[in-house]
Amino acid sequence: MSSEMWAEKYRPKSLDEIINQEEIVSRLKRFVEERNLPHLLFVGPAGVGKTTAILALAHDLYGPEYRNYIMELNASDERGINVIREKVKFFARTAPIGDVPFKILIMDEADSLTAEAQHALRRTMERYTRTCRFCLIGNYSERIIEPIQSRCSIFRFSPLSEEDVKRCLRMIAEKEGVEVSPDGYDAIYEESRGDLRKAINLLQAAAAASGRRVDADVVYAVLGRVSPGRVREMIQLSLKGEFIEARELLRSLLIDEGMAAEDVLRMIYSEVMRLDIPERLKVRLSDAIGEVDYRLTQGSRPEIQLSALLAKLALAGEEMRGGGAALG
Amino acid sequence: MEEQPWAERFRPRTIREVVGNEEAKDRFLEWLRSWEDGIPEKRAALLYGPPGVGKTSLVVAAANDLGYDLLEVNASDYRTAKRLKEILGRASTQQVTVTGRRRLILIDELEGLSSREDRGGVETILDLIRETRAPIILVATVYTSLREAWERKLRELMKLSLPIELKPIPVVEVAERLREIASRVGVEVEEEVLEELAIRSEGDLRTAINDLEAVARGRRRITLQDLEALGLRDRQLYAEEALRRLFTAKTLQEAKGIISSTKLNYDELIDWIYENLPYILDDPRELSEALEALARADIHKARAERSQAYRLLKYMFDELAGGVALSLERSQGLLGVVERHLRAMGIPLSPLKLEERPEGISIIPVRYLGRDTWRRVNMAVRSLGGSWDREGRRWIVGYLRPPRIALRYWWSRERRRMLKSISSKAASRMHISTSRAIRDVIPILKIIFQSDPEMAEGIAEWMELDGDEVKWLSKG
């Protein structure tokens, strides 16, 4: 029997089902009542309900057949602004049937578009504004050009609280017949923070791996098999001076898992910040990570840059063991 | 019957068969077609670019397609202005040949014309262009690194003609063309071989076809091993030579000399150094400094290529020579690396004798190790790329290991295809981008598919995964 991934299965269908982001939800509900909508800009971290909110709004506005009235694009998957423009043109050419005179175009990761592409997008938004409302979604509003911001109602989504995340996990565990120990919930939250999608995915993998009896050990075992856990292992190997092994792991992340170097680097950064090492060393490593981050934009080979960073970690590890002889 | 070389035999006959450089092709054809409405403002087109990107092929194919009679001369064959004038003067004043076909003049190998000695040659060509009533096409092979100097040299020619630059052919397109040729000659070639040949050619299709012919002649099937046996051995020798000399260099000047005289190209050199540095430098500080220098060398190279400012390459040389080569001071080389590695794996060194031998570091058990210890040593040795030598009853860890081809190529075609199709299915159903799906969802799916068949089945149905995709997610 077909069954959705839990993160999809338990996605709220209507605005009424959304338990958090109360203020945002109540403003969105008003749009539904008025049956009118400005262009929208949703910003906030991953997994806090941005896409859910706009899908739920569309559901409440158009009814169960809402999919006929919306189009979802992901800016990072589309090949350039021209392709996007063509798709928008095709979609927005005609007004929808029914009592709502416009369709909704959802553009996720809009902040990944270059400023130039955003200007082109803004012109497109203006041209089709009669038959189409745009909902742009992104992590950071600073990366959206001012002319777009000023044409949109901006909604800022905040990370979910620990309580909200755990409540939601408990509800799913119960419905799916999964036993989760309290430290299991702690471990999942610790890893996912306020990113609910990540938390639910992790719960599902942990449930699958353990015959539906999840505790902290299970969660950590699962994490060891997903990227953040492997990045952590790579860092530990480097600090222990096992550079060759660490580099193997890096290769496996880049090659076998097909991860983007930027993502590996982001994980390295958040791991390093959590390490129990002298603060001064953290700052030095942060500086080195920042330098690599910049170099990745310069067209150099990612693996070499990341390896050089691992060697710096190895050196830091050596210095700590040697009593911090040449620290700083 | 003497067979034609493949590069000739498979030369494109029509414009459609010409691989790559779509934009340049369009501009060239537009110019050539404009002759149908009379003599255009630019009476000559100048096609230039690195070797093997299809400059001459494009002209020959266009002449075929548009029904021109092609008059072809080599600029370097006719050194003197007089000869050029004799040959071309008449041809260029007639638009049509005696058979009534239109005429097209191709002056090839323009790069052979030296501006000082052949001052007259350049002048003659300039005159020809000013007066010609038939389209003239100048073709010049210009290495990307020399482009600036060359453009300065032939400034006048460029001004008077329509310059069209042809760029190196993308790897995928080279591989695609090789695949086609292999199937036409009936040789079965492993996908990885095609990719490797394509990468090595650096966008030079002719070289790629020549290489394919060299490995494929007289064979029905070519594997990556065949290819490595044929080509890599040379590279390995060059690389061993270069790296050995590099790490014994005493001065910056000496190291720079070694780098500029090696037969490896810069990418290869960086690859070899990168692969081997951690096996040469066992001191963490030296390793860190050398890798940083290598990373900086790579940056300078990337900048030089991106901005086409090749003067920036000299900083790459300095980093490679000074930063990498001269980094070796305290490190004991491979012996130190092996010792350190074994110790880190918790293996006692007392029952082992470690020696530097010409073929690598030899590790000899001096007394019976027992199965468990033997296994642990074996594992540690293998992770350094070494192996057990049954006859000599010892392990050998070789000094140099070739860079892994896969690294330049990211991941195998199959894996790429799977990741792409599964992630796009996940992306559309879970309202996320494909890159986020690769990062966040595929690892989760793998765990589910490898541990809970029932849950996996439901998800497979929901995502409409096919049998191959399910199998790929389910294997460890």
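Two strands are taken to pair if DSSP finds at least two bridges between them; helices (H or I, at least four residues) and strands (E, at least two) are DSSP runs, numbered from the N terminus. The model is predicted: local features need pLDDT of at least 70, side-chain atom pairs count only at pLDDT 80 or more, and totals for chains, interfaces and linings use all residues. Residues are numbered from 1 along each chain as its sequence is written, while chains are lettered from A and ligands numbered from 1 in the order in which they are written.

In chain A, five strands form an open sheet with parallel pairing, in the order E2-E3-E4-E1-E5. Its edge strands are E2 and E5 (152–156) of chain A, each of which pairs on one side only. From one strand to the next, the twist averages 15°; here axes are lines fitted to C-alpha atoms, for helices over the stretch in contact, and angles run from 0 to 180 degrees between N-to-C directions. Within this sheet, strand E3 (residues 103–108) and strand E4 (residues 132–138) of chain A pair in the parallel sense over five bridges. A:Met107 has A:Leu136 as its bridge partner in E4(A). Helix H4 (residues 80–92) of chain A packs on the sheet and touches E2, E3 and E4 of chain A, with a direction that makes about 160° with that of E3(A). Contact between two residues requires that their C-beta atoms, placed from the backbone, lie within 7 Å.

Chain A as a whole has 15 helices and seven strands. Of its 328 residues, 42% count as buried. A residue is buried if 20 or more other C-beta atoms lie within 10 Å of its own, exposed if 12 or fewer, and partly exposed in between, with C-beta atoms placed from the backbone. Among contacts in chain A between residues at least 6 apart in sequence, 74% join residues at least 24 apart.

Attention now turns to a pair of helices in chain A. The axes of helix H9 (residues 196–209) and helix H10 (residues 216–223) of chain A come within 9 Å and cross at roughly 105°. H9(A) is therefore roughly perpendicular to H10(A), a class that covers angles of 65 to 115 degrees. On H9(A) the contact is made by A:Leu202, A:Ala205, A:Ala206 and A:Ala209, and on H10(A) by A:Val218, A:Val219, A:Ala221 and A:Val222. These residues divide into eight nonpolar, no polar and no charged; Ala, Val, Leu, Ile, Met, Phe, Trp, Tyr, Cys and Pro count as nonpolar, Asp, Glu, Lys and Arg as charged, and the others, Gly among them, as polar.

In H10(A), A:Val218, A:Val219, A:Val222 and A:Leu223 are buried. They lie on the same side of H10(A), because they cover an arc of only 135° around the axis; the arc is that of the directions from the helix axis to the C-beta atoms. What covers the buried residues of H10(A) includes H8 (182–192), H9, E7 (213–214) and H11 (227–239) of chain A, together with H20 (434–451) of chain B. A:Gly211 is placed in the loop between H9 and E7 of chain A. A:Gly211 counts as exposed because it has 12 C-beta neighbours inside 10 Å.

Between the chains, 53 residues of chain A are in contact with 46 residues of chain B. H15(A) supplies the largest share of the side of chain A that touches chain B, ten residues. That side divides into 18 nonpolar, 15 polar and 20 charged residues.

Chain B has 22 helices and eleven strands, and buried residues make up 39% of its 476 residues. Five of its strands form an open sheet in the order E2-E3-E4-E1-E5, with parallel pairing. Strand E2 (68–74) and strand E5 (162–165) of chain B stand at the edges, each with a single partner strand, so one side of each is left without a neighbour in the sheet. The twist averages 20° from one strand to the next. Elsewhere in the description of chain B, strand E8 (residues 352–357) and strand E9 (residues 360–365) of chain B pair in the antiparallel sense over six bridges. E8(B) and E9(B) form a hairpin with two residues between them, and B:Leu352 has B:Pro365 as its bridge partner in E9(B).

Conventions. Angles under 35 degrees count as roughly parallel, over 145 as roughly antiparallel, 65 to 115 as roughly perpendicular and the rest as oblique.
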